[in-house]
Amino acid sequence: MWIANFFVSGSMTMVLPFISLYVHSLGDFSTSYVQNWSGWIFGITFVTAFIFSPIWGRFGDKHGRKAILVLFALGMSLSVFLMGYATNVWQLFILRFIMGVFTGFVSMSQALIAVQTPQEIAGRILGTLQTGSITGALLGPMVGGIFADSFGFALTFKWTALALLLSAIIVAFGIKEMQLKVSNKEKTSYSSKEVILHIIRHPVLLIVMLMSAVVQIAHFSIQPILPLYVAELNGLKHIALFAGMTFSAAGLGNLFMSRRWGKLGDRIGYMKILIILLFISGLVYLPGAFVTNVWQLIILRFLLGISLGGIVPLRIAYIRQEAPVAMQGEVLGYNTSLRFFGNMAGPALGGMLSGFFGFEAVFFVTSGILILGGVLTLMVWYKYEYTDSKSHSWSS
């Protein structure tokens with residue numbers, strides 16, 4: 001599954017460096033037209049993924065997740081392949097819309113692994129799985145840029161489609177889905193209403209899922225304007241190189257620590273580490289407003305990646321711990337929707353703040369959001385989980 005996640009994450013990011021260039025190649029358009037359509041074409045995938053993630057999660061709970069993973073990879077492969085034949089922006093927009101329907105591969109693979117992994121090692125295993133996604137996301141843009149320069153846009157789409165097809169083959173023939181064992185006392189299916197009520201009645205689970213959106217907002221708030229900030233710090237010389245290094249620094253930090261944070265969460269508790277990481281992320285984000293050269297920013301991005309690296313596996317491991325087996329896919333689907341909401345809200349927030357108040361405002365506000373998220377998570381956990389466990393230990 002690590003290899004499949006590597007191919008899918010890499011393939012999904014391969015085309016990102018040249019989306020706007022591909023739009024420009026489809027006609028004689030003005031700069032503003034290209035910018036507007038590039039934004040819509042980039043964002044529509046997140047919108048459809050936001051809508052469909054809970055639906056696929058529920059379907060996976062009822063019918064199994066392996067078949068859905070194969071369907072996701074095939075659906076993305078076909079849509080990306082056809083993008084190489086697009087002749088106008090509307091066709092590209094529709095194909096990106098369709099791609100969004102099948103974009104839940106990584107989340108569904110996390111659900112598949114989570115429900116089949118013993119609770120005591122869930123954090124470590126999910127952390128390892130996360131490194132596959134991160135490695136693919138790091139290498140994807142670089143490989144995509146090289147392919148586009150060497151072979152052209154259309155052929156790059158076809159190579160990307162081939163990588164996604166390979167992922168489908170790996171899952172189909174290399175992954176075995178075990179039948180989930182549900183005790184006689186536990187229900188084998190839940191309605192969507194029951195799933196939502198379960199989330200609402202477990203405040204710690206709810207706050208953990210809400211933090212999915214918060215973390216993605218923090219992660220994406222600076223990304224659309226990061227090259228501009230790098231240019232302000234370092235000038236236009238080698239701007240693409242330094243912007244790429246700044247982007248990748250967070251991913252490298254994430255890659256190094258994701259498995260280690262998950263392993264630590266297995267040992268001392270997922271919520272404790274999750275809360276600590278939210279505070280550390282907020283504190284590391286803040287100095288970005290005061291950097292005077294690009295190397296300082298790269299170091300801070302690396303530290304941010306280290307702190308954010310454990311949040312995804314810890315979050316999934318906690319959901320796996322708190323949600324009954326028969327509803328875990330749908331709960332993770334809602335969690336994925338919140339992540340995609342953060343993917344949409346983050347760039348909008350960052351662009352608005354930088355436009356009205358300057359780059360520094362993005363760092364101030366995002367740092368505040370992360371620290372506030374840490375405070376709220378700590379309060380909810382202390383009230384509903386930590387205090388209850390203490391009272392149970394005293395009574396026993």
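1. Arg58 counts as partly exposed because its relative accessibility is 22%, where partly exposed lies between buried (under 20% relative accessible area) and exposed (over 50%), with a 1.4 Å probe and protein chains only. The model is predicted, so that local features need pLDDT of at least 70 and side-chain atom pairs count only at pLDDT 80 or more, while totals for chains, interfaces and linings use all residues. Residues are numbered from 1 along each chain as its sequence is written, and side-chain values use heavy atoms, with hydrogens and water left out.

2. Arg58 belongs to helix α3 (residues 31-63), helices being DSSP runs of H or I with at least four residues, numbered from the N terminus. Neighbours within four places in sequence aside, Arg58 is in contact (heavy atoms within 4.5 Å) with Tyr190, Ser191, Ser192, Gly329 and Glu330. Of these, Tyr190 is 132 residues from Arg58 in sequence, yet their C-alpha atoms are 9.1 Å apart in space.

3. Leu297, not counting residues up to four places away in sequence, touches Leu226, Tyr229, Val230, Leu233, Thr246, Val291 and Phe363.

4. Leu162 lies in helix α8 and, at 45% relative accessibility, counts as partly exposed.

Key:
Helix = DSSP H or I, 4+ residues; strand = E, 2+ residues; numbered from the N terminus.
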